[in-house]
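Subject: Structure handover

Hello,

Here is the structure for you to take over. My notes on what was found follow below it.

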Amino acid sequence: MSSPDHASPDTAYDRPNIVFVVSDDHAAHAISAYDDTLLETPGIDRIANEGMRFDATYCTNALCAPSRASILTGTYSHVNGVRGLSTHIDASQPTFVSMLREAGYQTWLAGKWHLGHGGIHDPQGFDYWEILEDQGEYWNPELISPQGRRTIPGYTTTVLTDLAIEQITDRDQSRPFCLLLHHKAPHRSWDPDTKHADLFADREMPEPATLFDDHAGHSEAARNATMRISRDLNERDLKAPYPPELDETDRTHWAYQHYIKDYLRCVTSIDENVGRLLDVLDAEGLRDNTIVVYTSDQGFFLGDHGWYDKRFMYDESVRMPMLVRYPREIPAGSSTDAMALNIDFAQTFLDYAGLEALPRMQGRSLRPVLREERPADWRTSFYYRYWEHDEPGHHVPAHYGVRTERYKLVYYYGDGLGLPGTSDRITPPEWELFDLERDPAELRSVHDDPAYADVRQELEVELARLQKEFGDEPWVGAST
Ligand code: SGN
Ligand code: CA
């Protein structure tokens, strides 16, 4: 729809509104604008069709709380302090939201926060905020706000969208707004809306090519990861126990179907609600002067490598979906392979609002890329660090690495944040190196292949350069 139902009354300002929809664990390959193998997502695809699709957006730490802190502050985990899931944010640090508010924007947040609450952990810089506690629930969400707690009956994805729409329709029409709508879905335990309970029921979903990856070409870290479709899901996730009579192969086929269908049902609710939100923007006459972004805090393994979850630096986990619509500046139906990062959102939004970024911010404004004017010095590599180690039930050792357009070097350095009370913090140091051109599925590390000695050395230099540039330290050994 190109013409609004009625002309926008919001003519008193020319800075764009921002609608930032962040889902939880939504992999790009479960959005049909990227890949329609699994499902159709017409609501989310509208943003791509009317705007730009980013094909190479990555998070700098593939875990919820850290990625969200990076998005808000435009900084790496070691700068904003949120390295793992249990490190709560000091929310008094400046964010793009607090800066927009100081500049006159109305600022709203509905949904997942996951950065702690109470005192300095409460969201700051918002005129309105209402958040889920930690991971939140799929049904009848209890929401925390400065006024206390309330429970709203209904399916959380729809409830949160209703809250967002309420803010839009009740807005002060003389000022721009910035809305953050942070869905819980499609995070584990993948509970669909009742109206989608039978969706895909009569379909055999296609399996990923790497569902039966035996990890022979990977690190011990990958072999030991407890996120296997065939073994590590629980009855709550699968809505049924693993059938005891099945061997490992058949258990994998069986569990994959159960898992992926519920995951995609949750995605379908998001998709319908994104469509509903876009309709409201149209009806309010806000289509042309509003930047709409759809993304997720990280990617997710959809059975890829035999896994669910994320954390690792493999592409399915670090790759974020990112679709942006802003008819005034972004060509409809465009796409880019420019490397974008979760730390870029803050500077991008500030740029559109005509504000200077803070010196501590470590990303770059994507505005030129969105105008199809990628600067010649645009990044061609990025630094990644997953700090957490040994969360019960996952056991993904801490690691850091560099990804270029062609290669990826990863170092599992043998220690990490650990959790209080854990004793087995040390794992053997290990490296992985992937040639993404020859091995896009990342099945075979060539780290020890002499043919890659020069590449390896170049990547080590690049890794050290990036660590220095972003103010992180290489691992030098366990503290005593
Ligand atoms: C929970 C999930 C994990 C998931 C983490 C982090 N288990 O602990 O599977 O890795 O959250 O997810 S659950 O059974 O409690 O759902 S994150 O998106 O918040 O980083
Ligand atoms: Ca997440």
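Which residues coordinate the calcium ion (ligand 2)? In this predicted model, the donors come from Asp 24 (OD), Asp 25 (OD), Asp 297 (OD), Asp 297 (OD) and Gln 298 (OE1), at 2.1 to 2.8 Å. Along the sequence, the donor residues of the calcium ion follow the spacing D-D-x271-D-Q. Asp 24 and Asp 25 are both buried.

The geometry at the calcium ion (ligand 2) is irregular, with angles among the six donor atoms running from 49 to 177°. For reference, six octahedral donors would ideally give angles of 90 or 180 degrees. Water is not among the atoms, so sites may look incomplete; please keep that in mind if you set up this site.

Next, ligand 1. There are 16 residues around ligand 1, and the ones that come nearest are Cys 64, Gln 135, Asp 309, Lys 310 and Arg 311. By class, the shell holds eight charged, five polar and three nonpolar residues.

- Asp 309: a side-chain N or O atom is 2.7 Å from an oxygen atom of ligand 1.
- Arg 188: a polar side-chain atom is 2.9 Å from an oxygen atom of ligand 1.
- His 187: a polar side-chain atom is 3.0 Å from an oxygen atom of ligand 1.

Taken on its own, ligand 1 has 460 Å² of accessible area, and the protein covers 81% of it.

Last, the cysteines. How many disulfides does a search of the whole structure find? The search returns zero. Cys 59 is in no disulfide, and the nearest cysteine sulfur to it, that of Cys 64, is 11 Å away. Cys 59 has 0% relative accessibility and therefore counts as buried.

Regards

Notes
Residues are numbered from 1 along each chain as its sequence is written. Chains are lettered from A and ligands numbered from 1 in the order in which they are written. This is a predicted model: local features need pLDDT of at least 70, side-chain atom pairs count only at pLDDT 80 or more; totals for chains, interfaces and linings use all residues. Side-chain values use heavy atoms; hydrogens and water are left out. A residue is near a molecule or strand if one of its heavy atoms lies within 4 Å of it. A polar contact is a pair of N or O atoms within 3.5 Å; within protein, one must be able to donate a hydrogen and the other to accept it, and residues adjacent in sequence count only if both atoms are side-chain atoms. Accessible areas come from the Shrake-Rupley method with a 1.4 Å probe; for residues, only the protein chains shown count as cover. Ala, Val, Leu, Ile, Met, Phe, Trp, Tyr, Cys and Pro count as nonpolar, Asp, Glu, Lys and Arg as charged, and the others, Gly among them, as polar. Donors are N, O and S atoms within 2.8 Å of the metal (3.2 Å for Na, K and Ca); water is not among the atoms, so sites may look incomplete. Four donors count as tetrahedral if all angles lie between 85 and 135 degrees; four count as square planar and six as octahedral if opposite donors are over 155 degrees apart and all others between 65 and 115; anything else is irregular. Buried means under 20% relative accessible area, exposed over 50%, partly exposed in between (1.4 Å probe, protein chains only). A disulfide is a pair of cysteine sulfur atoms within 2.5 Å.
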